[in-house]
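Visitor: I would like to learn how to read a sheet and its aromatic contacts. Please take one feature at a time.

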Amino acid sequence: MAKFLINNNGPLYGEVQISGAKNAVLPLMAATILTGEKCKIREVPKLLDVRVMQDILDFLGAEIKADGAGALDIEMKELTTREVPFALANQMRASFLVMGPLLAREGYAKVYLPGGCTIGARPIELHLKGFEALGAEIVLKEKYVEAKVGPEGLKGASIYLDFPSVGATENIMMAAVLADGITYIENAAEEPEIVDLANFLNRMGASIKGAGTDNIKIEGVKKLKGTEHTVIPDRIETGTFMLAGAITRGEVLIKNIVPDHVRPIAAKLRECGVIVEVVDEGLYVNGGQNKLISTDIKTLPYPGFPTDIQSPFMAFLTTVEGSGTVIETVFENRFMHVAELNRMGANITTEGNRAIVQGGKQLVGAHVAATDLRAGAALVLAGLAAKGTTEVFDIYHIERGYENFAEKFRNLGADIVRVDD
């Protein structure tokens, strides 16, 4: 098992280049199932989750070529199977995103229930409700979901999501692009990753309007073609490095970013006294200019404060003056990092979906475990501000979602090494 060894090496300084978005590239890869022609996806990050999605597509019959410069050529002329086995599906939640494309193209899909981070329920019921509205017959077993469509194929429908789920919006959108008629997704997720997927599908010949709003209209087409696309920058990685500059009281220039995508993170950091400025080269963050104070955050679907930045932001709040409240509304089990931060000297109490962070603490190095992807990033940030050495275990969680994580931090001056036990 690998781990990170981290020492406080003072403020971080320098530039960092943000990779393509993990949460955008996985549905883009799944969408290539919808056509038998070649698709090229650029700015693909080298992540464990991307590797798993490649394995899934390869299992289904795709020919995949990487050019070594961050681009993937994916071509699925014919499917060799319409099932995703447990061994692959269990490795990440996004594996379920292939069900919509498989239904649209083949009229049948069998996918074992997905795995991934244990941050709470990510119910697939919203996905299945959408598929049923489009005319699919669903058989839900203990370990897998089977869906099939009659000879008439999928039909357009009006679908209301009880919660603006990103995954359900993406999966239903991919299923609907080849359905007969018009589909409306109401209370749809509005995340930038939804817009990126819609842009990709429209380049393939789909007709999607309203992506990025809560009401998406999809007019079904007969066939999709191959295309080329560049993945949007990862807004969660951007937020992580914004907080890295803040927690170490450093100065960081973050390149390859979309300022609008991180607006709520920037607003909250400014409330704390951190300088965050949009410049020609990217985003400038200075955490050492002003005295920093605490603030409150509440996670919400986009364009609210992102749940994926809750744990890294909490790590930052432990180091500033005052008391801050963190309210988690998206996932019910996303405070598992609290115990690990408290082992490092933080003073955080929780009750239900609310955490109170008493700031101004000098964190100390400890042996801690990454309980999930973003919790792992939070512990690394805490280690950068802690006295002594911090050992972060179970870093496979971190490497699922951050490309060249330790290397990017070292380029900013961080004392962090990856060690294989």
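**Sheet and rings**

Guide: Strands β2 and β15 (residues 251–255) run parallel and are joined by 5 bridges; strands, like helices, are DSSP runs numbered from the N terminus (E, at least two residues; for helices H or I, at least four). This is a predicted model, where local features need pLDDT of at least 70, side-chain atom pairs need 80 or more, and totals for chains, interfaces and linings use all residues. Residues are numbered from 1 along each chain as its sequence is written, and side-chain values use heavy atoms, without hydrogens and water.

Visitor: What is the order of the strands in the open sheet?

Guide: Strands of a sheet pair through backbone hydrogen bonds, parallel or antiparallel. Here the order is β2-β15-β17-β16, with mixed pairing; two strands pair if DSSP finds at least two bridges between them.

Visitor: Which strands stand at the edges?

Guide: β2 (13–17) and β16 (275–279) do; each has a single partner strand, so one side of each lacks a neighbour in the sheet.

Visitor: How many aromatic pairs does a search of the whole structure find?

Guide: Rings of Phe, Tyr and Trp (its six-membered ring) pair if their centres lie within 6.5 Å; planes under 30 degrees apart are stacked, over 60 edge-to-face, the rest tilted. The search finds 8. One of them is edge-to-face: Phe 86 and Tyr 112, 6.3 Å centre to centre with 75 degrees between the planes. Phe 86 lies in helix α3 (residues 86–89) and Tyr 112 in strand β7 (residues 108–112), 26 residues apart.
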